[in-house]
Amino acid sequence: GYVAQGDLFCIDGVFTAAICKANSCSVPPVVKNSVDLESCVGSASGSTCPLQCQAGFFAVGGLVCILGQWTQASCQERYCETVPVVDHSSPLVHCAGIHSDGSCFVMCETGYVATHQPLKCELGQWVYSSAPTCVKAPCTVLPHVDHAAVSQDCVPTASGSACDAFECDPGYEAVGL
């Protein structure tokens with residue numbers, strides 16, 4: 001922690017003054033996911049060094065040189081603080097505050113289904129390139145039509161599309177299609 005500064009000389013029966021000075025920090029602090037901290041080398045005891053973190057991380061604690069040693073600080077991954085937006089989804093307020101590498105499941109509005117799940121948070125940002133989307137729900141259950149036969153080929157049928165595999169019994173005709 002301390003280093004002697006000056007020598008004790010005896011001059012006319014009296015020693016000259018010498019002091020013990022607090023050690024400076026001779027090596028840079030080591031903080032995972034921080035930017036280069038080489039500029040901190042040589043900091044005097046009691047001084048601080050600004051901690052800057054890489055993109056997607058935030059500083060926790062401060063760097064202070066104390067008797068030649070750096071105090072502990074860290075760079076933590078950011079949270080996804082914003083509410084993500086996915087067209088035709090229910091409000092996603094439950095997703096705000098998800099930690100990095102976390103995920104959030106998307107619930108779609110009635111009549112829509114999610115293409116895949118979940119929505120991912122990486123380094124404090126929502127990853128929309130691989131995000132689920134809400135698309136119009138296909139028809140997956142055959143309807144009962146009186147006096148007709150509906151083929152299994154109709155399942156699934158995309159929303160807004162017609163199914164031609166529909167045949168009325170003899171004596172009946174299709175109406176309203």
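## The largest pocket

The largest pocket holds about 290 Å³ of space, where a volume is the space filled by probe spheres set on grid points that are joined across faces, edges and corners. A pocket here is an open set of points, on a 1 Å grid over the protein atoms alone, where a 1.4 Å probe fits, with protein on both sides within 12 Å along at least five of seven lines, and its lining residues have an atom within 4 Å of a point. The lining is made of 14 residues, and those nearest the centre of the pocket are Pro143, Val150, Cys154, Ala162 and Cys163. By kind, the lining has 12 nonpolar residues, two polar ones and no charged ones; Ala, Val, Leu, Ile, Met, Phe, Trp, Tyr, Cys and Pro count as nonpolar, Asp, Glu, Lys and Arg as charged, and the others, Gly among them, as polar.

This is a predicted model, in which local features need pLDDT of at least 70 and side-chain atom pairs count only at pLDDT 80 or more, while totals for chains, interfaces and linings use all residues. Residues are numbered from 1 along each chain as its sequence is written, and side-chain values use heavy atoms, with hydrogens and water left out.

Strands of a sheet pair through backbone hydrogen bonds, either parallel or antiparallel. Strands are DSSP runs (E, at least two residues) numbered from the N terminus, and two of them pair if DSSP finds at least two bridges between them.

Strand β5 (residues 48-49) pairs with β7 over two bridges, and Cys49 has Leu63 of β7 as its bridge partner. Strand β8 (residues 69-70) also pairs with β7 over two bridges, with Trp70 as the bridge partner of Cys65. In the hairpin of β7 and β8, two residues lie between the strands, and Leu67 takes a positive phi near 50°.

## The sheet around β14

Another open sheet of three strands has the order β12-β14-β15, again with antiparallel pairing. Here β12 (103-104) and β15 (125-127) are the edge strands, each with a single partner strand, so one side of each has no neighbour in the sheet. Strand β14 (residues 119-122) pairs with β15 over three bridges, and Lys120 has Val127 of β15 as its bridge partner.

Notes
Helices (H or I, at least four residues) and strands (E, at least two) are DSSP runs, numbered from the N terminus.
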